[in-house]
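Visitor: I am new to reading protein models. Can you walk me through one, feature by feature?

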Amino acid sequence: MKWYLVASLLTILTSSQGILTTLSQTNGKYKYDYATIPFLAEVFKLIVSSVFLWRERKKSPPPKMTTDWKSVRLFPIPSVIYLIHNNVQFATLMYVDTSTYQIMGNLKIVTTGILFRLFLKKKLSNLQWMAIVLLAVGTTTSQVKGCGEASCDSLFSAPIQGYMLGILSACLSALAGVYTEFLMKKNNDSLYWQNVQLYTFGSIFNMARLVVDDFRGGFEKGPWWQRLFNGYSITTWLVVLNLGSTGLLVSWLMKYADNIVKVYSTSMAMLLTMVLSVFLFSFKPTLQLFLGIIVCMMSLHMYFAPPHMLVDIPPAIKSDPESLVNVPVDHKTDS
């Protein structure tokens with residue numbers, strides 16, 4: 001499967017994620033425990049990957065599977081990073097408003113490029129670096145509201161702790177993605193075997209979060225497994241399937257493409273979500289949204305287009321032998 005087809009599908013699924021989550025609400029509230037969504041998504045990914053791995057093992061030759069503990073012990077690390085990242089997210093929202101947080105979240109585009117270069121030793125051209133910066137500018141522009149509104153004033157009025165935590169959140173998000181790509185590409189193991197390891201630990205960590213929530217709440221609503229499906233509707237299950245399918249596509253891109261492709265897919269998904277919201281939720285389009293879309297499209301072209309499409313290289317001029325003029329040179333000898 002071509003990477004751009006997977007990236008396009010990822011863009012569509014990611015853009016519908018927020019829309020489905022909004023539609024799953026009842027009177028603006030969740031009737032279900034939202035913490036169960038990531039857990040069930042991890043279980044879904046684990047089941048799908050296990051089935052594909054089982055089918056792959058029936059073929060000849062069997063897939064490569066590294067079972068050495070030195071290799072397996074590396075797979076919980078992305079889950080730990082994401083766990084820390086989620087806590088940093090909540091801490092950041094204590095100091096900044098939602099609009100400021102979303103705008104600062106675009107820093108992960110640039111931090112992903114930096115970590116991509118530092119840790120994976122992938123060299124980017126000057127045009128590609130410019131494209132990544134343009135992508136961050138474009139997505140930020142699309143999210144900035146009119147300068148007469150309160151959110152515009154609040155962007156630069158948050159405490160310094162909020163900005164520091166926002167930068168840390170962007171770095172953690174990029175680190176998790178880059179480290180996951182390192183895991184997927186460090187050997188020739190089966191993608192499904194690597195997924196099984198990732199999602200096993202992902203399920204364990206998400207289950208641990210549900211247990212911690214129970215202890216914090218004093219088990220007022222009972223243990224998590226008794227209320228696991230409480231309030232679930234068809235739309236809620238679509239959210240689970242969407243989140244799980246998105247994760248599977250991301251792992252494929254990490255294995256056969258790279259983090260930058262994923263960043264572009266998710267950024268374009270955000271813009272697509274805004275456009276769809278105009279028709280679904282009476283969202284009013286702004287000039288900033290249109291400008292942001294144009295800048296992001298330019299960035300997309302700059303990053304992936306061949307250099308000869310971006311820079312006009314004059315054709316090599318071949319000299320015509322007949323047009324050459326012989327210039328006589330006087331050879332003077334010293335007397």
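Predicted model: local features only at pLDDT ≥ 70, side-chain atom pairs only at ≥ 80, totals over all residues.

Visitor: Which helix gives the most to the nonpolar patch?

Guide: Helix H12 does, with 5 residues. H1 and helix H12 (259-280) each supply at least two residues of the patch.

Visitor: Where is phenylalanine 281 placed?

Guide: Phenylalanine 281 sits in the loop between H12 and helix H13 (287-304). Its relative accessible area is 34%, so phenylalanine 281 is partly exposed. The band for that label lies between under 20%, called buried, and over 50%, called exposed.

**Salt bridges**

Visitor: Now the charged residues. What should I look for?

Guide: Side chains of opposite charge can pair when their charged atoms come close. The cut-off here is a nitrogen of Lys or Arg within 4 Å of a carboxyl oxygen of Asp or Glu.

Visitor: How many salt bridges does this rule count?

Guide: The count comes to 6 salt bridges. Let us take three of them in turn. Lysine 45 and glutamate 42 meet in a salt bridge, at 2.8 Å from N to O. They are 3 residues apart in helix H2, so about one helical turn separates them.

Visitor: Are lysine 45 and glutamate 42 buried or exposed?

Guide: Both lysine 45 and glutamate 42 are buried.

Visitor: What about pairs from separate parts of the chain?

Guide: Look at aspartate 33 and arginine 227. They form a salt bridge, and their closest N and O atoms are 3.4 Å apart. This pair links distant parts of the chain, 194 residues apart. Aspartate 33 is in the loop between helix H1 (3-23) and helix H2 (36-57). Arginine 227 is in the loop between helix H10 (191-216) and helix H11 (234-256).

Visitor: Why does arginine 227 count as buried?

Guide: Because its relative accessibility is 11%, and buried means under 20%. Aspartate 33 has 24%, so it counts as partly exposed.

Visitor: Which residues are linked with Asp33 in a network of salt bridges?

Guide: Asp214 and Arg227 are linked with Asp33 in that network.

Visitor: And the third pair?

Guide: The side chains of lysine 122 and glutamate 181 meet in a salt bridge, at 3.6 Å from N to O. Lysine 122 lies in the loop between helix H6 (107-119) and helix H7 (126-143), and glutamate 181 in helix H9 (residues 160-185), so the pair ties together parts 59 residues apart in sequence. Glutamate 181 is buried, with a relative accessible area of 0%. Lysine 122 is partly exposed, at 29%.

**Contacts across the sequence**

Visitor: How do I read contacts between residues?

Guide: Pick one residue and list its partners. Glutamine 17 is found in helix H1. Leaving aside neighbours within four places in sequence, glutamine 17 is in contact with Asn242, Leu243 and Thr246. Its C-alpha atom is 9.0 Å from that of leucine 238, which is 221 residues away along the chain. Glutamine 17 is partly exposed, with a relative accessible area of 23%.

**A record beside the model**

Visitor: Where does UniProt place the feature "transmembrane region"?

Guide: The unreviewed UniProt entry gives several spans, including residues 74-95 and 101-120. Compare such spans with the model. Residues 74-95 are 77% helix and 0% strand, with end C-alpha atoms 33 Å apart. Residues 101-120 are 90% helix and 0% strand, with end C-alpha atoms 28 Å apart.

Notes
Residues numbered from 1 in each chain as written. Heavy atoms only, no water. Helix = DSSP H or I, 4+ residues; strand = E, 2+ residues; numbered from the N terminus. Buried < 20%, exposed > 50% of the residue type's maximum accessible area, 1.4 Å probe, protein only. UniProt positions renumbered as here; feature names shortened; annotations may be inferred. Contact = heavy atoms within 4.5 Å.
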